[in-house]
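Please read it beside the structure shown below.

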Amino acid sequence: MIAAVLTPIALAGCGSDSPPSGGDGSVGVTGGDFHSLVADPLVAGRLYVGGHTNVARSDDSGTTWTTVSALDGADAMGWAIEPDAIWVSGHPGLNVSIDGGVTFARRNSGLPDSDVHAFGAAGATLYAAGPGIGVALSSDSGESWTTVTSGAGQAFFGRILVDPVDASHLVAADVQVGVSASRDGGRTWTPLGTNPAAWVSSVDGLTTIYASGGPTPQRSRDGGATWEAVDVPPGATLIEAGASDRLYAGVHDGRAVTVWASSDDGTTWGRP
């Protein structure tokens, strides 16, 4: 194990369209950028990392990785993993799997715009945000969409957290103003006082929230009322909360991601 050292990190962005090279399975290949780090809440030890050109999956908490070829070019930014569907969003729009991630299909019908930088879901209730959308809502699993605001959402990035007990309570990362929250289904948003961020994570119903992908990774233990810095391994840009108090951090080397894990809320970190 190593003691973490807090280091400044840059906002996630779009990199080269060039395909990545090689890969021996010990890292998750994402291509020239690193947009997302996802712990599957339904499958222990399963992680995803995504970028503009590639998505990779690990079934052993980040020790070994395989490329998810069905998501090549998906620009995986926003994610939602529900019992009956896995949703992935990006510049081409929405991709959905109904077979646990074995296959994915494009589903953009009815979207106000197919450039979806941020996404969240709770059952049949879906939220999509992007530069040409603002924030849009679907109440029927993506069959139809309604724009709920054009005054926010253009700078949202990554996952939109949806409160499991109140689908109108949302938390999203904003790369300009920081983490923001809505209590009315995305119609109005209030910044929560963080640094700019490109990724949010929570596993306890939005009581503990992690924000990363900006200058300093941060954590709130009171639903976003107050925030503190989180120590991460050198070079880590995104952090993700997993089951059993597991915390993950991803370090991107220009083509692939190495994942570190902590079981003491970021005090110490080690390789899985």
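Over which residues does pLDDT stay under 50? It does so over residues 1-23, for which the model has 69 contacts beyond four places in sequence, where pLDDT is the predictor's confidence in each residue, from 0 to 100, and contact means heavy atoms within 4.5 Å. The model is predicted, and local features need pLDDT of at least 70, side-chain atom pairs count only at pLDDT 80 or more, and totals for chains, interfaces and linings use all residues. Residues are numbered from 1 along each chain as its sequence is written, and side-chain values use heavy atoms, with hydrogens and water left out.

**Confidence**
- The protein chain averages a pLDDT of 91, and 91% of the residues score at least 70.

**Largest pocket**
- The lining comprises 35 residues, of which Ala39, Pro41, Ile81, Ser202 and Val203 lie nearest the pocket centre; a pocket is an open set of points on a 1 Å grid over the protein atoms alone where a 1.4 Å probe fits, with protein on both sides within 12 Å along at least five of seven lines, and lining residues have an atom within 4 Å of a point.
- About 700 Å³ of space lies in this pocket, the volume being the space filled by probe spheres set on the points, which are joined across faces, edges and corners.

**Aspartate 84**
- Aspartate 84 counts as exposed because its relative accessibility is 55%, exposed meaning over 50% relative accessible area (1.4 Å probe, protein chains only).
- Leaving out residues up to four places away in sequence, aspartate 84 touches Ser97 and Ile98.
- The C-alpha atoms of aspartate 84 and arginine 57 are separated by 19 Å, the two residues being 27 apart along the chain.

Conventions
Buried < 20%, exposed > 50% of the residue type's maximum accessible area, 1.4 Å probe, protein only.
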